[in-house]
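Look over the model before reading on.

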Amino acid sequence: MDEPGSAEFDTIVAERTSALEGDVRIGGAKNSVLKLMAACLLAEGRHVLTNVPDISDVSLMCELLEAMGVTVTRADHRLVVDVPAELNTEAPYHLVERIRASIVVLGPLLGRFGTARVALPGGDDFGPRPIDMHLRALESLGATFSTAHGDISATAAVLRGTEVVLEYPSVGATENLLMAAVCAKGRTLIVNPAREPEIGDLIEFLNRMGAHVAWTGDRLAVDGVERLAPAGSGDGYAVIPDRIEAATFLAAVGMCGGSVFLRHAVAEHMAMLIRKLTDMGMHIVASEAGLRATATQRLISADVSTLPYPGLATDYMPFLVSMLTTASGVGIVTENIFTGRFRYIDELRRMGADIRTEGHHAVVRGAERLSGAPVRAHDIRAGAALVVAGLAAEGETEVAGADHIDRGYEDLAGKLAGLGAAISRR
Ligand code: EPU
């Protein structure tokens, strides 16, 4: 029989849900675990990661590591990564094109082996996805690059620490640079690094492997070491909770009403979002164990603009736009990170949303009701945002392309159903 996630179960059907109630477990962060898996390449031996979400991007990253000669075993949200002394330092196109985050193997391969060959990732539904900042940063440490036949080949006889200024705090460029710099000779000072919570998780993991990475003010100082060792032995290293999955459930509560406890969600990772949702009329209370989110009235519109952390994450934007479609008033939305990331708006319009776009701005006029329609998920977050919007729409919303959602969510439909949502997977 086909399992959810196969082509036979490619659609999530959501129906209007009046209130969500209960408790939902927020899993490990996709955008952290993928980088921690790449970091394992830095040291021979057995690495153990826990709180690993059961999502298809993790499966793809496992395939990539296995293609390099790593042995990966996965069960019960636990990943055992056995890294041999020698690795095949190539990341082939058929895997890279399926998971763009795979570009983060470049830094660790260069750091440990001084050589790497990685297929160039193409564009995607967000528009072009350049890696120029990754390459410039690694060049500053002494790496040289050449491209041929769609692959980028990197070599470095020796990597030497230096001051590296990132013109923009790119998450991926910071990660690649960090994972090369931990093995470089001397000190690397990263000026204008990304500061997302997932970067903090990577730094913690690298330091547990024996690296010396520390914040000096808003810069990162990396003192290179000769050798790293596996971090997560024994109980393993627990991946931080996924703030974007948490945002998805906050949006669902905001649109449907009700009161839900988001177990393990970390308020300090999402302070700006909590402030915005409070402005919009939600009541959110943080505790050690998680977040309680309550919505008792129609939301109030607000203007929203994405920025690098600690600003409002671009990954929250599709949820915020969904929420604005039924809020009272008009919200002006500005997407500053991925300026081509508005494709889902055409799908929301099919559901009766009143949204006008101009470049990377959108004006969203809240309607009393959305109207369920067949729509398509073009990427992970947009797909999840359409599902959430479907819970607030009259009739049925069929979200096709649910395999995109599976890349970043462990059983989104099942978790929402557990809170009382009228939702199923077909
Ligand atoms: N950019 C460049 N040159 C570069 C690198 C980035 O111009 O060399 C630009 C990008 O085109 C974009 C901006 O800089 O306009 C931000 O890119 P960044 O490098 O910060 O993002 P990323 O590392 O490619 C990660 C997450 C994204 C998340 C962004 C921003 C992973 C696997 N992906 O991407 O998450 O939106 O940071 O926070 O960590 C998702 O989870 O669905 C997702 C897309």
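The questions below concern a predicted model.

Q: How many salt bridges does a search of the whole structure find?
A: The search covers the whole structure. A pair counts when a side-chain nitrogen of Lys or Arg lies within 4 Å of a carboxyl oxygen of Asp or Glu. The total found is 20.

Q: Which residue forms a salt bridge with Asp57?
A: Asp57 sits in helix H2 (residues 56–67). The closest N and O atoms are 2.9 Å apart, and the partner is Arg407.

Q: Is Asp57 buried or exposed?
A: The cut-off for buried is under 20% relative accessible area. Asp57 has 1% relative accessibility. Asp57 therefore counts as buried.

Q: What is the relative accessible area of Arg407?
A: Arg407 forms a salt bridge with Asp57. Arg407 is partly exposed, and its relative accessible area is 24%.

Q: Where does Arg98 lie?
A: Arg98 forms a salt bridge with Glu63, with 3.7 Å between the closest N and O atoms. Glu63 is in helix H2, and the two residues are 35 residues apart. Arg98 lies in the loop between helix H3 (93–96) and helix H4 (106–113).

Q: Which strand holds Glu396?
A: The side chains of Glu396 and Arg426 meet in a salt bridge at 3.6 Å, N to O. Arg426 is in the segment after strand E26 (422–425), so the pair ties together parts that are 30 residues apart in sequence. Glu396 is partly exposed at 35% relative accessibility. Its strand is E25 (residues 396–400).

Q: Which residue is linked with Asp132 and Arg136 in a network of salt bridges?
A: This network includes Asp132 and Arg136. A further residue is linked with them: Glu167.

Q: Do strand E1 and E25 run parallel or antiparallel?
A: Five bridges join strand E1 (residues 11–15) to E25. Ala14 stands opposite Thr397 in E25. The two strands run antiparallel.

Q: What is the bridge partner of Arg376 in E25?
A: Strand E23 (residues 374–376) is joined to E25 by three bridges. These two strands run parallel. In E25, the partner of Arg376 is Ala400.

Conventions:
Residues numbered from 1 in each chain as written. Predicted model: local features only at pLDDT ≥ 70, side-chain atom pairs only at ≥ 80, totals over all residues. Heavy atoms only, no water. Helix = DSSP H or I, 4+ residues; strand = E, 2+ residues; numbered from the N terminus. Buried < 20%, exposed > 50% of the residue type's maximum accessible area, 1.4 Å probe, protein only. Pairing = 2+ DSSP bridges.
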